Amino acid sequence: MKKSDLPECPVATVLTLIGNKWNVLIIRDLLVGVKRFGELQRSIGCSQKVLTDNLRELENKGLVSRKVYPEVPPRVEYSMTKLGATLSPVLNAMAA
């Protein structure tokens, strides 16, 4: 997502990027460090489809990075991008 596509209001920008409760939980877990799909699913407690859809959405927005390792069975790791890491103060403020 380009900066020019975001609303001018900071609150609207955060809501556009985060979107829903699942995204908040995913971002919370990934701000701590790199996680695999199964780790995220256990931590968040949602279905595989919900997690997949939300990870794709965050990846399309440029907040989450997905790295696939060419192994059998396939291994996929998710981490925050630089843009995604800028949401840390927002989540910390929400937690406080």
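Guide: Start with helix H4, residues 48-60: Asp 53 and Lys 49 both lie in it, four residues apart, about one turn of the helix. Keep in mind that this is a predicted model.

Visitor: What makes Asp 53 and Lys 49 a salt bridge?

Guide: The N to O distance between their side chains is 2.7 Å. The cut-off is within 4 Å, for a side-chain nitrogen of Lys or Arg and a carboxyl oxygen of Asp or Glu. The pair therefore qualifies.

Visitor: Why is Lys 49 called exposed?

Guide: Its relative accessible area is 59%. Exposed means over 50%, so the label holds.

Visitor: And why does Asp 53 count as partly exposed?

Guide: Asp 53 has 36% relative accessibility. Buried needs under 20% and exposed needs over 50%. The value falls in between, so Asp 53 is partly exposed.

Visitor: How many salt bridges does a search of the whole structure find?

Guide: Five. One of them joins Asp 29 and Arg 28, with the closest N and O atoms 3.0 Å apart.

Visitor: Is Asp 29 buried or exposed?

Guide: Buried. Its relative accessible area is 9%, and the cut-off is under 20%, so the term applies. Arg 28 is partly exposed, at 40%.

Visitor: Where do Asp 29 and Arg 28 sit?

Guide: Both are in H2, residues 21-32. They are among the H2 residues that meet Leu 40, Ser 43 and Ile 44 in H3.

Visitor: What makes Arg 75 and Glu 71 a salt bridge?

Guide: Their side chains meet at 3.1 Å, N to O. The limit is within 4 Å, so they count. Salt bridges that share partners join Glu 71, Arg 75 and Glu 77 into one network.

Visitor: How do you know that Arg 75 is partly exposed?

Guide: Its relative accessibility is 22%. Buried would require under 20%, and exposed over 50%, so partly exposed is the label. Glu 71, at 37%, also counts as partly exposed.

Definitions and conventions: Residues numbered from 1 in each chain as written. Predicted model: local features only at pLDDT ≥ 70, side-chain atom pairs only at ≥ 80, totals over all residues. Heavy atoms only, no water. Axes fitted to C-alpha atoms, helices over the stretch in contact; angles between N-to-C directions. Helix = DSSP H or I, 4+ residues; strand = E, 2+ residues; numbered from the N terminus. Contact = heavy atoms within 4.5 Å. Buried < 20%, exposed > 50% of the residue type's maximum accessible area, 1.4 Å probe, protein only.
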